[in-house]
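Take a first look at the chain shown here. The report below walks through its fold, its helices and its charged pairs.

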Amino acid sequence: MGRWLAALIPTCLAVGCVAPLPIEEYTLARAAVTSARESGAERLAPGLWYKAEENYRKGQKFLKDKDNETAKVNFLKAIQFAEKAENASRLKKFESGETMQ
């Protein structure tokens, strides 16, 4: 019994150290990237769009690798860049007289 317990404690401690899944951040990042894409950010704000897409993909990779804390950070960055890209895109459309969607 003692050996089993001695082996179980380090395992429980290691498992307990894993950060929770960043489900909310993932969902918000996906929605923000989709909204930016639909606003034309790929064409009208390519620099910001690239940063949003890159952070979103990194977040997905870290999530797959079970590095939840780093995934969360990347999803939060993706949200910020996607929102900036969408805003820049909508502003450029407004300034050029292009129809808003």
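What follows goes from the whole chain to single residues.

## Overall fold

This is a predicted model. The protein chain has five helices and zero strands. Read along the sequence, the pattern is α-α-α-α-α.

Buried residues account for 29% of the 101 residues in the protein chain. Take the contacts between residues at least 6 apart in sequence: 67% of them join residues at least 24 apart.

## Helix α2

Helix α2 covers residues 23–38, which makes 16 residues. From its first C-alpha to its last it reaches 23 Å, close to the 22 Å expected at 1.5 Å a residue. Its buried residues are E25, A29, A32, V33 and A36. Seen down the axis of α2, these fall within an arc of 100°, so they line one face of the helix.

The cover over the buried residues of α2 includes α3 (41–44), α4 and α5 (68–96). On the other side of α2, I23, E24 and E38 are exposed. Just after α2 comes G40, with a positive phi of about 90°.

## Helix α4

Helix α4 has 19 residues, which should span 27 Å at 1.5 Å a residue. Its end C-alpha atoms are 27 Å apart, which agrees. W49, A52, E53, N55, Y56 and G59 are the buried residues of α4. Down the helix axis they fall within an arc of 165°, so they line one face of α4.

That buried set packs against α2, α3 and α5. The face of α4 turned away from it carries the exposed residues Y50, R57 and K64.

Which residue just after α4 takes a positive phi? K66 does, at about 65°. Most residues other than glycine have a negative phi. K66 has a positive one although it is a residue other than glycine. K66 sits in the loop between α4 and α5. Its relative accessibility is 67%, so K66 counts as exposed.

E53 is found in helix α4, which runs over residues 46–64. Is E53 buried or exposed? E53 is buried, because its relative accessible area is 14% and the cut-off for buried is under 20%. Leaving out residues up to four places away in sequence, E53 touches V33 and R37.

R57 and E53 meet through their side chains in a salt bridge, at 2.8 Å from N to O. Both lie in helix α4, four residues apart, about one turn of the helix. R57 is exposed, with a relative accessible area of 53%.

## Other salt bridges

Side chains of opposite charge can pair when their charged atoms come close. How many salt bridges does the structure hold? There are six. One of them joins E98 to R43, with the closest N and O atoms 3.3 Å apart. E98 lies in the segment after α5 and R43 in helix α3, so the pair ties together parts that are 55 residues apart in sequence. E98 is partly exposed at 34% relative accessibility, and R43 is exposed at 57%.

E86 and R90 form another salt bridge, at 3.0 Å from N to O. They are four residues apart in helix α5, so about one helical turn separates them. E86 is buried at 15% relative accessibility, while R90 is partly exposed at 24%. Elsewhere, salt bridges that share partners join R37, E53 and R57 into one network.

Notes: Residues are numbered from 1 along each chain as its sequence is written. This is a predicted model: local features need pLDDT of at least 70, side-chain atom pairs count only at pLDDT 80 or more; totals for chains, interfaces and linings use all residues. Side-chain values use heavy atoms; hydrogens and water are left out. Helices (H or I, at least four residues) and strands (E, at least two) are DSSP runs, numbered from the N terminus. Buried means under 20% relative accessible area, exposed over 50%, partly exposed in between (1.4 Å probe, protein chains only). Contact means heavy atoms within 4.5 Å. The expected span of a helix is 1.5 Å times one less than its number of residues. The arc is that of the directions from the helix axis to the C-beta atoms. A salt bridge is a side-chain nitrogen of Lys or Arg within 4 Å of a carboxyl oxygen of Asp or Glu.
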